[in-house]
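Subject: Structure handover

Hello,

Here is the structure I said I would pass on. My notes on what was found in it follow below.

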Amino acid sequence: MVVLLLIAGWCPVMVYANNNEQDLQLGSGLQDSMVIQQNRPLTIWGKASLGEGSIGRLVSIKTDWMQGPVTVVTDGDGNFSGIINVPAVQAGDYHPHSIEVTAGNSTITLNNVLIGELWLCSGQSNMQFSMKEVTDANNEVAAANYPDLRLLNVGLNFSATPYDSFSGKWTACRPSVVKDFSAVGYYFGRELQQKLNVPVGIIFSGIGASAAQAYVPQPVLAADTMLNRVYLQPYLNSPRSKEVINGGFSFEKVTRPFLLYNAIIYPLRRFNIRGICWYQGEANRKERDSYTKLTQALIQSWRQSFQQPDLPFYYVQVAPYFLEKEDPTLADYAFFREAQEKVSALNNTAMVTTIDVGEAKNLHPHNKKPIGIRLAKTALNRTYGQLDIVARGPQYQYLEVSGKKAIIHFEPGTTTGGLQTDSAGAPKFFLIAGADQQFYPAEAAIDGDKVIVWSDKVKKPVAVRYAFTNYAVTSLHNGAGWPVIPFRTDNWIEPTPKTD
C-alpha cells in the first residue's frame with residue numbers, strides 16, 4: 001500500500017510500506033524536484049525503523065547515474081546517512097534524475113531531480129522582499145516561467161538548541177510560486193541559470209526584521225569576548241532567555257541570539273551548496289566594529305557548519321535611507337555601511353553596493369532586479385571564473401591634493417568603461433574638508449578615470465567624502481553600470497548622532 005508520511009520535522013514523502021508500518025523517512029528538503037550541486041558529494045539522510053530486537057538496518061541508496069547502490073547501516077536510533085558522488089553536468093543538460101532509497105520492503109523514490117548549481121539566500125526583510133512587490137511586479141511575475149530554476153522557501157522557526165529539520169517544499173519557478181519568493185533570490189538564480197545554462201536551485205531561509213546575531217551559533221558568540229559581551233550575555237541574563245521557545249513570530253524574537261541559526265540554518269547543513277547570498281543589516285544599524293566582527297563570525301561559523309572552509313559569501317550593503325530624519329548632513333547610516341564594507345576583509349567574500357538603487361524614504365526599495373543581477377555577476381566572476389564579467393564598482397584608492405583641488409584616484413580595473421553619470425552631468429554628493437574637519441558640499445568633475453573635487457570654502461583640502469551621508473542616492477558609476485562605492489578619505493572619529 002502507499003501512505004503519505006507527514007511527521008513533524010520531516011518532509012512529506014510517498015512511502016511503500018508493509019503491515020501499515022511507516023518505517024522510512026527522508027530528511028527535510030530531500031524531495032521531488034530538488035536541485036543538487038553538481039560535481040560534489042551528496043548526502044542522503046533520514047530514519048528507518050529498526051524492527052524488534054534489531055540494532056541496525058541496511059539502507060540502500062541508488063541513482064540513475066550510478067552503476068550500483070551505496071549501502072549504509074542505521075545507528076541504534078534508526079538514523080542513517082549516506083554519501084553519493086554527483087557528476088558534473090554540461091551546459092544545456094536539463095535531464096531529470098531519480099534517487100531511490102530502500103530499507104527492507106520500503107522504498108522512497110525522488111523524481112524530477114536536477115543536477116546543477118545550489119545557492120542559499122538569507123537575511124532580513126530586503127532579502128525576504130517578494131516578487132509581488134517589486135518594480136513592474138505584474139509583468140515580472142507573469143514572465144517568471146523557468147522550470148529549470150527550482151525554489152525552496154524554508155518555513156520560519158525558532159529553537160533554543162540546534163534543530164535537525166525544517167518545513168518547505170521544492171517547486172519549479174512559475175508565477176504562482178515566485179510571487180511570494182525572495183525577489184533578490186529569484187533575480188540572482190535566474191541570471192545564473194541563463195548565463196551558466198544549467199539547472200539552478202535557490203534556498204531562501206531568513207525573516208524580516210532579524211538581527212545578525214540570531215544567525216550565529218551560541219558557542220561562537222560565547223567564545224569571543226566582544227560578541228559575548230555585546231550580544232550573548234545581555235540575552236542570557238534577561239528573563240526572555242528563560243521562556244519556552246516556539247515557532248511564533250515576533251519582532252523582538254527575531255533579534256535574539258542563535259535562535260534562527262538553530263532552527264533555519266543548522267538543519268540545512270547537509271546540503272552541499274555552492275555559495276551564500278546575504279542581505280541584512282538594518283536591524284543592527286547602530287553598531288560598528290561589533291557588527292563587522294559579528295558578520296565575519298557568522299560567515300566562518302556557517303562555513304564550518306557546511307564543512308566548506310572557503311564557501312563563497314556575497315552580501316549586500318544596506319541601501320540609502322533617511323531614518324525618519326530629514327537632514328541631508330547626517331551620516332550615522334554611512335558609518336554603518338562602512339562597517340559592512342569591512343566584512344569583505346575576510347577571504348572569499350564580496351560586497352554589492354545599492355547606493356544608486358535605493359529610495360531615500362523607503363527602507364524597502366522596490367527595485368530589486370539590479371541587486372540580484374549584481375550578486376549573480378559577482379558569483380559568475382569570482383566563483384565561476386568568468387573574468388570578462390564586470391563585478392565591481394569603482395573603489396577609492398588614494399587622495400591627491402593639488403592646490404585648492406582634491407583628486408580622487410580609484411583602484412585600477414574598477415573604472416571599466418570610464419566614469420560617468422546617468423544624466424551626463426557633474427557628479428553629486430561629494431563633500432570636502434580642510435584641517436578643521438568641517439565638511440562642505442563640493443563641486444566635482446570627471447577627469448578620465450579620476451574625479452576632481454573642490455570648494456571655494458576650503459583653501460587647503462585634507463579630506464573628501466563621497467555619498468557618505470544617510471540617504472544620498474547616487475548616479476556616478478563605471479561603464480558597466482556599477483556605482484562608485486561610498487567612501488571617505490579620512491579616519492576622523494564619528495560624531496555623536498544628533499538627538500531630537
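Strand β6 (residues 58-63) and strand β7 (residues 70-73) are paired in the antiparallel sense, over four bridges. The two strands form a hairpin, with six residues between β6 and β7. Strands are DSSP runs of E of at least two residues and helices are DSSP runs of H or I of at least four, numbered from the N terminus. Two strands count as paired if DSSP finds at least two bridges between them.

Some points on the source. This is a predicted model, in which local features need pLDDT of at least 70 and side-chain atom pairs count only at pLDDT 80 or more, while totals for chains, interfaces and linings use all residues. Residues are numbered from 1 along each chain as its sequence is written, and side-chain values use heavy atoms, with hydrogens and water left out.

The three-stranded sheet

An open sheet has three strands in the order β3-β5-β8, with antiparallel pairing. Its edge strands are β3 and β8, each of which pairs on one side only. From one strand to the next, the twist averages 30°. Axes here are lines fitted to C-alpha atoms, for helices over the stretch in contact, and angles run from 0 to 180 degrees between N-to-C directions.

Strand β3 (residues 24-26) pairs with β5 over three bridges, and Leu24 has Ala48 as its bridge partner in β5. On the other pairing, β5 and strand β8 (residues 79-85) are joined by seven bridges, again in the antiparallel sense. Two of the residue pairs can be named: Pro41 has Asn85 as its partner in β8, and Lys47 has Asn79.

How covered is strand β5 (residues 41-48)? It is mostly covered, with six of its eight residues buried. Buried means under 20% relative accessible area, exposed means over 50%, and partly exposed is in between (1.4 Å probe, protein chains only).

The loop between β4 (35-37) and β5 holds Gln38. Gln38 counts as buried, at 13% relative accessibility. Leaving out residues up to four places away in sequence, Gln38 touches Val86, Pro87, Ala88, Val89, Ile115, Gly116 and Glu117. A contact means heavy atoms within 4.5 Å.

β22 and strand β23 (residues 450-454) run antiparallel and are joined by five bridges. Ala444 has Val453 as its bridge partner in β23.

Helices α6 and α8

Two packed helices are described by the angle between their axes and the distance between the axes. For helix α6 (residues 225-236) and helix α8 (residues 289-305), the angle is about 105° and the axes are 10 Å apart. α6 and α8 are therefore roughly perpendicular to each other. On this scale, angles under 35 degrees count as roughly parallel, over 145 as roughly antiparallel, 65 to 115 as roughly perpendicular and the rest as oblique.

From α6, the contact is made by Met226, Leu227, Val230 and Tyr231, and from α8 by Asp289, Ser290, Tyr291, Lys293, Leu294 and Ala297. These residues divide into seven nonpolar, one polar and two charged. Ala, Val, Leu, Ile, Met, Phe, Trp, Tyr, Cys and Pro count as nonpolar, Asp, Glu, Lys and Arg as charged, and the others, Gly among them, as polar.

The loop between α6 and α7 (259-265) holds Asn237. Is Asn237 buried or exposed? Asn237 is exposed, with a relative accessible area of 62%. Asn237 and Thr383 lie 146 residues apart in sequence and 42 Å apart in space, C-alpha to C-alpha.

Cysteines

How many disulfides are there? The count comes to zero, where a disulfide is a pair of cysteine sulfur atoms within 2.5 Å. Cys173 is in no disulfide, and its nearest cysteine sulfur, that of Cys121, is 13 Å away. Cys173 is buried, at 2% relative accessible area. Cys277 is in no disulfide either, and the nearest cysteine sulfur, again that of Cys121, is 4.5 Å away. Cys277 is buried too, with a relative accessible area of 0%.

Regards
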